[in-house]
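Subject: Structure for your files

Hello,

Here is the structure I said I would pass on. My notes on it follow below.

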Amino acid sequence: MNKTRHVVAVVDDDPRLLESMGDLLESAGYVARGFSSAGSLLVNGLSDLDLLITDIGMPGIDGFELRDLVRKSRPELPVFLITGRHEIADQGRAQGAGGFFRKPFDAQALLTAIANALHK
C-alpha cells in the first residue's frame, strides 16, 4: 500500500495556531497532526511523520531541544521552527535552521517550503 499523503506534525502550545495550521495543511493535501507539547509528540512517536513544524518558545521542551532530540532518532526528518518572539528569531540557532518562520508567517511561503523539503 503506497502512502499518498504526507504527514506533517505541528507542535505549538497555542490551540488557535494548531487549528489554523491544521486547516492550512489539510487544505493543501497533507495529513496534519497537532500536538500541544513536545512531550505529547514524543509519546506519540515520530515513525510515521514526514515533516515536523514546531514552535520554539514552549514550556518544558522548547523547539530547539525538540529539534535536537528528533535529529538523534530521525536525522532525515525535516524540522521547521516557528516563533512569534523576535528576540529568539534573531539568535544564531534560529538563523541556522533550514526551515525558519516568524509569526505571523506567509502561508504560501510555508507551503512552498514544505513541498520543497518533502520532494528533495
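This is a predicted model: local features need pLDDT of at least 70, side-chain atom pairs count only at pLDDT 80 or more; totals for chains, interfaces and linings use all residues.

Asp55 belongs to strand S3, which covers residues 51–55. The UniProt record, an unreviewed entry, places the feature "modified residue: 4-aspartylphosphate" at Asp55.

Which residues does Asp55 contact, apart from its neighbours within four places in sequence? They are Val11, Asp12, Asp13, Gly63, Ile82, Thr83 and Lys103. With Lys103 there is a polar contact between the two side chains, at 3.5 Å.

**Asp13**

Asp13, one of the residues in contact with Asp55, sits in the loop that runs between strand S1 (7–11) and helix H1 (15–27). Its relative accessibility is 38%, which lies between the limits of 20% and 50%, so Asp13 counts as partly exposed. Setting aside neighbours within four places in sequence, the contacts of Asp13 are Ser36, Asp55, Gly57, Met58 and Pro59.

S4 and S5 run parallel and are joined by four bridges. Across this pairing, Leu81 is opposite Phe100 of S5.

**Aromatic residues**

How many aromatic pairs are there? The count is two. In one of them, the ring centres of Phe80 and Phe101 are 5.9 Å apart and the planes are at 40°, so this pair is tilted. Phe80 is in strand S4 (residues 79–83) and Phe101 is in strand S5 (residues 99–102), so the pair ties together parts that are 21 residues apart in sequence.

Are these two residues buried or exposed? Phe80 has a relative accessible area of 5% and is buried. Phe101, at 13%, is buried as well. Both values are under the 20% cut-off. Phe80 and Phe101 form one aromatic cluster together with Phe105.

**To look at when you open the file**

- The side-chain contact of Asp55 with Lys103, at 3.5 Å.
- The loop between S1 and H1, where Asp13 is placed.
- The S4 and S5 pairing, with its four bridges.
- The cluster of Phe80, Phe101 and Phe105.

Regards

How values were computed. Residues are numbered from 1 along each chain as its sequence is written. Side-chain values use heavy atoms; hydrogens and water are left out. UniProt positions are given in the numbering used here, feature names are shortened, and annotations may be inferred rather than shown by experiment. Helices (H or I, at least four residues) and strands (E, at least two) are DSSP runs, numbered from the N terminus. Contact means heavy atoms within 4.5 Å. Buried means under 20% relative accessible area, exposed over 50%, partly exposed in between (1.4 Å probe, protein chains only). A polar contact is a pair of N or O atoms within 3.5 Å; within protein, one must be able to donate a hydrogen and the other to accept it, and residues adjacent in sequence count only if both atoms are side-chain atoms. Rings of Phe, Tyr and Trp (its six-membered ring) pair if their centres lie within 6.5 Å; planes under 30 degrees apart count as stacked, over 60 as edge-to-face and the rest as tilted. Two strands pair if DSSP finds at least two bridges between them.
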